Amino acid sequence: MLVIRRDLLDEIVAHAQRDHPDEACGVVAGPEGSDRPERFIPMLNAARSPTFYEFDSGDLLRLYRDMDSRDEVPVVIYHSHTATEAYPSRTDISYASEPEAHYVLVSTRDSAETNHTGHEFRSYRIVDGVVTEEEVEVVETYMFAHTGADDVPDLG
Amino acid sequence: MAVTVSIPTILRTHTGGEKAVEAKGGTVAEVIDDLESRHAGLKGRLITDGKLHRFVNIYVDDEDVRFAGGLEAPVKETSTVTILPAVAGGMR
């Protein structure tokens, strides 16, 4: 299950809508081992395409170095589909290489099928080419979501 | 002296969970061959038919080797080699 704060979900959706009709992409980083998305990092789609997205290779290196220096991992890796459903394509699956990440897809198509998030916003695990959809729980704060406090150490 | 090679999460099964390992070599290809001698299976995750896999980026210091000579890109003793899976996809 993906537990994500409402403000982060809104940022992802706003990025997808802003870049439409091109695909938008980015990461929400969080402390290693926490499974808690905290730091929204929109990335440039170097492909600038309505059907493909790609992090620029230089941006990718800087992103991972920055996360490493903060002991963070990419908890969420998101991108948008601008004309099709929010489900991983064969291309998405072939590139997916973070087995511990939540792969979030947002659809900005005309007939988007809004779910409980208020958008067509869905999350998946992609491990060894196998896609497993998971529940998305939207919370106002992580304080009461069994993931520890937002920005302060978990006091139990 | 050895160069440090940074290993992404998905390939750490080949390095016993290590985030970074040491290797020797004057080019990226030599470094990968040296890694393979101690971390079997790694090379096959990076190279297919003598070419760098399109799903993988390799950097020598700050330079993506695709723009710096490919697998023949020179590696200095003070270099850091970073392996990162490309982040890409799309509806196609």
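Helices (H or I, at least four residues) and strands (E, at least two) are taken here as DSSP runs, numbered from the N terminus. On this basis chain B has 2 helices and 8 strands, which follow the pattern β-β-α-α-β-β-β-β-β-β when read along the sequence. The structure is a predicted model, in which local features need pLDDT of at least 70 and side-chain atom pairs count only at pLDDT 80 or more, whereas totals for chains, interfaces and linings use all residues. Residues are numbered from 1 along each chain as its sequence is written, while chains are lettered from A and ligands numbered from 1 in the order in which they are written.

The overall dimensions of chain B were considered next. Its C-alpha atoms fill a box of roughly 45 × 30 × 25 Å, taken along the principal axes. The radius of gyration, which is taken over C-alpha atoms, can be set against a globule rule of 2.2 Å times the number of residues to the power 0.38; for 92 residues a compact globule would have a value near 12 Å, and the 13 Å of chain B agrees with this. A residue is called buried if 20 or more other C-beta atoms, placed from the backbone, lie within 10 Å of its own, exposed if 12 or fewer do, and partly exposed in between; of the 92 residues of chain B, 33% count as buried.

Strands of a sheet pair through backbone hydrogen bonds, either parallel or antiparallel. With two strands counted as paired if DSSP finds at least two bridges between them, chain B contains an open sheet of 5 strands in the order β2-β1-β7-β5-β6, with mixed pairing. Strands β2 (20–23) and β6 (63–64) of chain B stand at the edges, each with a single partner strand, so one side of each is left without a neighbour in the sheet. Strand β7(B), residues 80–85, runs antiparallel to β5(B), residues 56–60, and is joined to that strand by 5 bridges; Asn57(B) has Leu84(B) as its bridge partner, and Ile58(B) stands opposite Ile83(B). By contrast, β1(B) and β7(B) run parallel and are joined by 3 bridges, with Val81(B) as the bridge partner of Val5(B). Because 5 of its 6 residues are buried, β7(B) is largely enclosed by the rest of the structure.

Helix α1 (residues 28–38) of chain B lies across β1, β2, β5 and β7 of chain B and runs at about 110° to β2(B), where axes are lines fitted to C-alpha atoms, for helices over the stretch in contact, and angles run from 0 to 180 degrees between N-to-C directions. Two residues are in contact if their C-beta atoms, placed from the backbone, lie within 7 Å. Leaving aside neighbours within four places in sequence, Val31(B) is in contact with residues including Val3(B), Val5(B) and Val81(B).

The two chains also meet, with 17 residues of chain B in contact with 25 residues of chain A. The elements that give two or more residues to this side of chain B are β5, β7 and β8 (88–89) of chain B, and β7(B) gives the most, with 3 residues.
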